[in-house]
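Subject: Structure handover

Hi,

Here is the structure I promised to pass on. Please load it before you read the notes below.

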Protein chains: 2
Amino acid sequence: MSNRPEELIKKIYEEQGKINDVFLTACGGSLVDLYPGYYFINSESETMHSHWLTAREMTVSPSKFLKRGALVILCSHGGNTKETVEAARLAKERGAAIITMTHNPESICAQEDMNSVVYSWEDDTNERERPQGIVIRVLNELMKMQEPGYTKYEAVLDGLEKADGIVRAAVKKVQNRTWVFAEKYFDEPFLYIIGSGASYSQAYGFSICSLQEMQWMDCCYLHSGEYFHGPFECTDEDHLYILLMGTGKARVMDERALTFLKKYAKKYEVIDAVELGIDAIDESVNEYFCPMVFYAMTVAYRTGLQDKRRHPLDMRRYMGVVEY
Amino acid sequence: MSNRPEELIKKIYEEQGKINDVFLTACGGSLVDLYPGYYFINSESETMHSHWLTAREMTVSPSKFLKRGALVILCSHGGNTKETVEAARLAKERGAAIITMTHNPESICAQEDMNSVVYSWEDDTNERERPQGIVIRVLNELMKMQEPGYTKYEAVLDGLEKADGIVRAAVKKVQNRTWVFAEKYFDEPFLYIIGSGASYSQAYGFSICSLQEMQWMDCCYLHSGEYFHGPFECTDEDHLYILLMGTGKARVMDERALTFLKKYAKKYEVIDAVELGIDAIDESVNEYFCPMVFYAMTVAYRTGLQDKRRHPLDMRRYMGVVEY
């Protein structure tokens, strides 16, 4: 196990002094992986503000808090995503500290001046070594260094130890239900994916990456809280929903959606982090680990869909194929 | 014209002293109206952080910056939205200042202790008297009081004068094209609505309010920047898109989406704030007024759809009809 994320944030903290702002920026699937860290700082910190936005929006209209005293965490799987590289450069120009995650050791994002963390991305890569885990590790250290009143450090470390086992067991547990889901719904014209709290990101990622990008399937992500203020009017027995039920204080919103779906919908798939074992992690912090479970679920469900629909997950018609 | 928004923020500023955080919170369509103010503070302020989130998420997991020194701007059209009322109460308990907008003078949100601004909502109500206008008025005053370096005060005032005329002319201009749109696409199973910058909110609102809620039409909102990192793989000659083209520095993202749609899609509707006259407002601030134009466009287009589809905009099967 590499301690580079922890070493980097300690070095940054020594150099920058107090961190006032944490920017989490990337594009698409990498942006999704940064959301739990954003939500964690929003919920826990009394000294830091966090910002989560697509990299291009940060470079065209940068916050005036993007300066010394800001930490910018970036991620680009391939490591050369133009918008993300530009965001990193702008952050450095303005005196902010950066940490850049990438899977590609030969890429721009892996260069030493990017404060890079090169992560592995194999089937057996531990959750704590993947971007969502690395972000939480960095921010947990930062909270400990900066906020004397922070009490969740050990619980988060314990969660980082346990997460991988939980995710692996969950993947085994849902294997059959992903096949059944694909068998029933492979030909659906459209579906909604609902989530809230730290896991809202996974409703978004399930939609834009797993289905829109990898299956060319139309769908829409919804926030469980917002569902009742408009989108639920589409609900009926013909519409398909996937509901991600997380933990923590946001769960009440997911539960309300479930109650409604039970009454007015017929086709809905519930993916419940509690049923999948997340409460092996302390309840004061396990909501931040639900997105790891849900990401693994999106992989499981999209693989079921790929096999049934015979639409390869890696098939692209534009990305990496044409100029745009 | 009532000066109550300006009077309220001056009173709050005198009582609270420096404002460090601006929270903008509501549900559904009212939340949509708060986004331009969020984006404005994010882009312009060097002393304030802004937060935009659905009211329930704020109450279940409140930021530690929700305290004295925070301004919370809320909106509930009907004035009794439970989540919004609870958010206002929590904000007050924690010592934050609030301003609550509502259309209903008999509602909880209109009570004096809510620091209420009761807005009219008639066809001829001026844009500056509607929630999007009121938010910009409040925040423009706040910026002027708090930031000596703020240079856009007069330009925003000028924009507030001009916005209503621009919107009214735009509505007339698009009348025929909304009919043609409805004629061609009333039976589409699904569409994507794309936007960015301050106007991203209108892609969201067009989707969740005008189509999902008021027409029971399935659709998905997308950020123009994120479109290229997944969602664009769905694009082909059979998919329908509506592209909201705003102004300001974010426009480059919308232009990139347009170039792509021109090449790879066949069915797309471009709603361009520049073509609709937004540049009568100074270019340093007109991006914050585009959402007013786009909201009027969502009304125009949904009315075209209502008439063709014979689906009344006010028909609901759940909201205000059943318990949930």
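My notes on the domain record, the chain contact, the salt bridges and the cavities follow.

Please keep in mind that this is a predicted model.

Domain record first. The UniProt entry, which is unreviewed, lists "domain: SIS" at residues 8-166 of chain A. Over that stretch, chain A is 47% helix and 18% strand.

Next, the contact between the chains. Chain A puts 70 residues into it, and chain B also puts in 70 residues. Interface size is often quoted as the accessible area lost when the parts come together. Here, about 6,000 Å² is buried between chain A and chain B. Carbon and sulfur atoms give 52% of that area.

Now the charged pairs. Side chains of opposite charge can pair when their charged atoms come close. Between chain A and chain B there are four salt bridges. B:R317 pairs with A:D236 in a salt bridge, with 3.7 Å between the closest N and O atoms. Over all chains, the count is 40 salt bridges. Within chain A, A:E44 bridges to A:K152, and their closest N and O atoms are 2.8 Å apart. This pair ties together distant parts of the chain, 108 residues apart. A:E44 sits in helix α2 (residues 28-44), while A:K152 is in the loop between α5 (131-146) and α6 (153-185).

Last, the cavities. How many reach 30 Å³ or more? The count is six. The largest cavity has a volume of about 1,100 Å³. Its lining takes in 46 residues. Nearest the centre of the largest cavity lie A:Y38, A:W52, B:Y35, B:Y38 and B:W52. By type, the lining splits into 24 nonpolar, 18 polar and four charged residues.

Best wishes

Methods:
Residues are numbered from 1 along each chain as its sequence is written. Chains are lettered from A and ligands numbered from 1 in the order in which they are written. This is a predicted model: local features need pLDDT of at least 70, side-chain atom pairs count only at pLDDT 80 or more; totals for chains, interfaces and linings use all residues. Side-chain values use heavy atoms; hydrogens and water are left out. UniProt positions are given in the numbering used here, feature names are shortened, and annotations may be inferred rather than shown by experiment. Helices (H or I, at least four residues) and strands (E, at least two) are DSSP runs, numbered from the N terminus. On a 1 Å grid over the protein atoms alone, a cavity is a set of points where a 1.4 Å probe fits but cannot get out, and a pocket is an open set with protein on both sides within 12 Å along at least five of seven lines; lining residues have an atom within 4 Å of a point. Grid points are joined across faces, edges and corners, and a volume is the space filled by probe spheres set on the points. Ala, Val, Leu, Ile, Met, Phe, Trp, Tyr, Cys and Pro count as nonpolar, Asp, Glu, Lys and Arg as charged, and the others, Gly among them, as polar. Contact means heavy atoms within 4.5 Å. Buried area is the accessible area (1.4 Å probe) that two parts lose on being put together, summed over both. A salt bridge is a side-chain nitrogen of Lys or Arg within 4 Å of a carboxyl oxygen of Asp or Glu.
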